[in-house]
Amino acid sequence: MIKKSLKARKSELSKTQRQLDILSNSIFKKGVLPTFKEKLESHKISSFQPKTLKILQINIGYMCNQVCAHCHVDAGPDRKEMMPPDIMIKCIQTMNDAGVETVDLTGGAPEMHPHFRWFVEQIRKKTKVKEIIVRSNLTILLANKKYHDLPSFFVKHNLHIISSLPFYRKNKTDRQRGSGVFNTSIKALQKLNAAGYGKPESGLILDLVYNPSGAFLPGDQNALEQDYKKALSKDFGIVFNQLFALTNLPISRFLDYLIASENYEDYMTTIVEAFNPSAVANLMCTNTLSVSWEGYLFDCDFNQMLDLKVAVDQPHINQLDVKKLQNRNIQISQHCYGCTAGAGSSCQGSLT
Amino acid sequence: MFINLYSYKYNIMNKEYYNPNDLKKFGEITTWSKELGDRFFEYYNKVFDEGALSSREKSLIALAVAHVVQCPYCIDAYTKDGLQRGIENDEMMEAVHVGAAIKSGSVLVHGVQMMNRHDQLSM
Ligand code: SF4
Ligand code: SF4
């Protein structure tokens, strides 16, 4: 089980350029597989551009209490990057200027940011944002006394909770997220249920995220949701709203795993062969903008982790120009195949 | 020296009966007999649709049969299929045991034929 981020281990793969090189070389350079651009062109999609901006996904810091093996953020306790308050204030201004409907707070573990609660309160006070999502890893709710009252804070501000639970049984979850994570996650889910989350008619939404614990694609989202609902209710009395089945993208720690386990080429072949053109129109980068802790802008959280900033002159929230952003081309590379494989994948689950 | 070694290895690879990459070329069987190939794949896909049995149950049956017919391509394909469906490793192994039990049972039940023939031929 890994204990440190790639960055703390001084791994070559912590360098974004190295990851981009890997994604463009070997099988893609040799022409064994088409690049994502070539694939789009073969389906007569020469470039793809964003639609109206709806979701602002803000990564407020890379610190996390967990060090999951597949983490695309390379998050962990050793990551100290945190969004400063002035960038948070700028984000709030942007929500108003751009008429953002949904704010999606992510990390790391966003709750570990010292200004997390203040930020949520400010968003509720100063904007007309309809929905605030928090991507909570569940174990944080029990990690320290200071987090024990988070469920009531979530309720107070009607936050939409989206949490990762890689599987409804212990083994697979612990292998991916660390030993003991499953039991703690179950306790956290019970706490959220007790606060009303996931209960029909409470209006408090609790969604779960499934992602494969290895080098394979997720199965059918609805079938998995039924399995999860049955098992979690029977074994632990847990209820939740929806399950989102996400594909692991070949970047950061998952890329490291793919290479170390000699699954890289097979996995890339799998996601290329599973390319689904009908997923392209709904890709999350078409209605989402991702903001990094420093205020830089990206087409999505994955591009953020590859340091592929939005293709405009000044890709920073301080110089955000909604019109210019609307006309940009989305930055793509071979990791994008993860979003278009099979039923498609986004932070809100399947796309088709 | 390096080149020789490489081409030596490459030749050996090509002389293997089973190559994992051939699984990806399964669809190409249609090129030499399109109609039969197309009909086979249509039938194959239909078989695995949800029906009286769930696709999950069918996947486990396929995995057990894959072992009984000892097809490395099918074992590869249905192990992956099981993982994608969230089928657990104990479920997969139990399915393989079902296949093994039927296979060994089918050997042993012929022992009755042996006994019958033995008794018929003996005084
Ligand atoms: S909980 Fe999320 S952010 Fe933290 S290490 Fe795991 S995947 Fe990464
Ligand atoms: S990784 Fe996915 S969401 Fe991001 S730019 Fe590529 S296709 Fe879009």
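This is a predicted model: local features need pLDDT of at least 70, side-chain atom pairs count only at pLDDT 80 or more; totals for chains, interfaces and linings use all residues.

User: What makes a residue part of the lining of the largest cavity?

Analyst: A lining residue has an atom within 4 Å of a grid point of the cavity. For the largest cavity, 31 residues count as lining. Those nearest its centre are His70(A), His72(A), Val73(A), Ser164(A) and Arg177(A). In chain A, strand S3 (131–136), strand S4 (160–164), helix H11 (252–260) and H13 each give at least two lining residues. S4(A) provides the largest share, with three residues.

User: Which classes do the residues lining the largest cavity fall into?

Analyst: There are 13 nonpolar, 14 polar and four charged residues in that lining. Arg counts as charged, so Arg177(A), one of the residues nearest the centre, belongs to the charged group.

User: Which cavity is the space taken by ligand 1?

Analyst: Ligand 1 takes the space of the largest cavity. A molecule sits in a cavity if more than half of its atoms lie within 2 Å of the cavity's grid points.

User: Which residues are around ligand 1, and what makes a residue count as near?

Analyst: A residue is near if one of its heavy atoms lies within 4 Å of the molecule. Around ligand 1 these are Cys64(A), Gln66(A), Cys68(A), Cys71(A), Ala75(A), Gly108(A), Asn137(A), Arg177(A) and Arg253(A). By class, the shell has four nonpolar, three polar and two charged residues. Cys and Ala count as nonpolar, so Cys64(A), Cys68(A), Cys71(A) and Ala75(A) belong to the nonpolar group.

User: Where does Gly108(A) lie, and what kind of peptide bond joins Gly107(A) and Gly108(A)?

Analyst: Gly108(A) is in the loop between strand S2 (102–106) and helix H5 (116–126) of chain A. The bond joining Gly107(A) and Gly108(A) is a cis peptide bond, with omega of about 20 degrees.

User: What surrounds ligand 2, and which cavity is the space it takes?

Analyst: The space taken by ligand 2 is the second largest cavity. Among the residues surrounding ligand 2 are Leu249(A), Met284(A), Phe302(A), Ile330(A) and His335(A). The shell has nine nonpolar, three polar and no charged residues.

User: What lines the second largest cavity?

Analyst: It has 17 lining residues, and Leu283(A), Cys285(A), Cys300(A), Cys336(A) and Cys339(A) lie nearest its centre. H13 and helix H15 (337–340) of chain A give two or more residues to that lining. By class, 12 lining residues are nonpolar, four polar and one charged.

User: How much space lies in the second largest pocket, and why is it called a pocket and not a cavity?

Analyst: The second largest pocket holds about 370 Å³ of space. Its lining has 22 residues, with Thr16(A), Tyr62(A), Arg79(A), Gln304(A) and Met305(A) the closest to its centre. The word "pocket" is used because a pocket is an open set of points, whereas in a cavity the probe fits but cannot get out.

User: How do you know that chain B and chain A are in contact?

Analyst: Contact means heavy atoms within 4.5 Å. Nine residues of chain B are in contact with 16 residues of chain A. In chain B, Lys24(B), Gln84(B) and Glu88(B) lose the most area to chain A, together 51% of what that side buries. The area buried between chain B and chain A is about 1000 Å², and carbon and sulfur atoms give 46% of it.

Technical notes. Residues are numbered from 1 along each chain as its sequence is written. Chains are lettered from A and ligands numbered from 1 in the order in which they are written. Side-chain values use heavy atoms; hydrogens and water are left out. On a 1 Å grid over the protein atoms alone, a cavity is a set of points where a 1.4 Å probe fits but cannot get out, and a pocket is an open set with protein on both sides within 12 Å along at least five of seven lines; lining residues have an atom within 4 Å of a point. Grid points are joined across faces, edges and corners, and a volume is the space filled by probe spheres set on the points. Buried area is the accessible area (1.4 Å probe) that two parts lose on being put together, summed over both. Helices (H or I, at least four residues) and strands (E, at least two) are DSSP runs, numbered from the N terminus.
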